[in-house]
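Here are a few notes to read alongside the model, which is a predicted one. Please have it open as you go through the points.

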Amino acid sequence: MNLVLSDHPAAEWQEVTPRTACRQCGKGSWCARSEAGWEMCMRVPGGIERVNKNGEVYWLTAPHGSNAAASPPEFQPAPGAPLADPDDLNLVYKLVLDKLCLSQEHRQALQKRGFTDEQMESIGFRSFGPKDLPGLAKTVAETFPDVWQRVPGLYLKDGRPALCITFGLLIPCRDARSKIVGLRVRLDDQTEGSRYRWVSSKNHNGPSCGALASVWRPESAPDLTTIRLTEGECKAGVAADLTGIITVCAPGIGQFTSPLVRSIIAQLTAELTQHSQVDVCLLLAPDSDAMTNPQVHLAVLRALECYPAAKVEVWPVEHKGIDDALVVGADVRAVSSAEYRERLIASERTEVVALGQAQHLLEHALVH
Ligand SMILES: [Zn+2]
């Protein structure tokens, strides 16, 4: 097998597209493939586990038919432009959002998902379309002359500041200190296959988005005894508000155990413990397809190993996400990891359990 490292390792890896989707998760973005055929998946556990500089976990699988024990090429993303610090990102993104409005169409879509007008305003949802382009980049650059080129979404085009934000619903993503550190877009044009995209300047030699996990706090005083971990920004926002529980949004179920997510949970746990003096309970809220999808199920099992005291929230399987279940008032319960495994077996999805366990054992063998 030819696995000679080139002088420019980053050039060996290409991000997947809808046409060259990832073999591991089937999605057409975020994951990558090397020239030699190695697959790097950000979503689904399997193969060799590594951590990137953002604190995200990823999994490498060998080229089809090759020796799985061989070393993969180094994955080193292109260095890119430096990223502004969270306080500066927060100031710039707040200005951008202040200059935009929320369209009636997006407002109605958010209402359907369970958001009230007050929540939409305090979260800061906005719409971005063609009419918003003129002048906005110039205003931002003039207000923050020393910082703007380090903010994903802005770049220098023909000597002038320009925006590279795809048209759609802008979702501000906050860190554990409630600073807006990233913008997620729900695309208006979803013909390319992916519905969401991070605002980034990496295609224009600017900074790519930084930390991709976000923290969603309820409007009212939060429950000081509990933290929830789920995936999906809107889902996390709705769940936080309807339950009063601070909710962490991981950028995919495979990232539940990433160093980035673990550090956010540790920060929030320290914050809540200061006020409540009781042990903080972690709730995992994977989509209900964990019961039927072996890959999702495997990721939940890994998360339970990483957070042994965590409980898993369950609800009737006809509702996919916890937000769907909460919005219609379905019965949502937190069960222990032991009970969760029993429920899985009782669902008669034995092939899911067996496949999950087999993959788990295989990975254990690879790691140790
Ligand atoms: Zn993938």
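1. Let's start with the sheet. It is open and built from five strands, ordered S1-S2-S3-S5-S4, with antiparallel pairing. Strand S1 (13-15) and strand S4 (48-51) sit at the edges; each has a single partner strand, so one side of each lacks a neighbour in the sheet. From one strand to the next, the twist averages 25 degrees.

2. For a landmark, look for Val 51, which stands opposite Val 57 in S5.

3. Next, a pair of helices. The axes of H1 (residues 86-98) and H4 (residues 136-143) come within 10 Å and cross at roughly 145 degrees. The crossing of H1 and H4 is right-handed.

4. Which residues in H1 and H4 meet? From H1 come Val 92, Leu 95 and Val 96, and from H4 come Leu 136, Val 140 and Thr 143. Sorted by class, this contact of H1 with H4 has five nonpolar residues, one polar and no charged ones.

5. Finally, have a look at helix H5 (residues 233-243). H5 is mostly covered, with 10 of its 11 residues buried. Just after H5, Gly 244 takes a positive phi of about 75 degrees.

Conventions: Residues numbered from 1 in each chain as written. Predicted model: local features only at pLDDT ≥ 70, side-chain atom pairs only at ≥ 80, totals over all residues. Axes fitted to C-alpha atoms, helices over the stretch in contact; angles between N-to-C directions. Helix = DSSP H or I, 4+ residues; strand = E, 2+ residues; numbered from the N terminus. Left-handed = near helix turned anticlockwise from the far one by under 90°. Contact = placed C-beta atoms within 7 Å. Nonpolar A, V, L, I, M, F, W, Y, C, P; charged D, E, K, R; others polar. Buried ≥ 20, exposed ≤ 12 C-beta atoms within 10 Å, placed from the backbone. Pairing = 2+ DSSP bridges.
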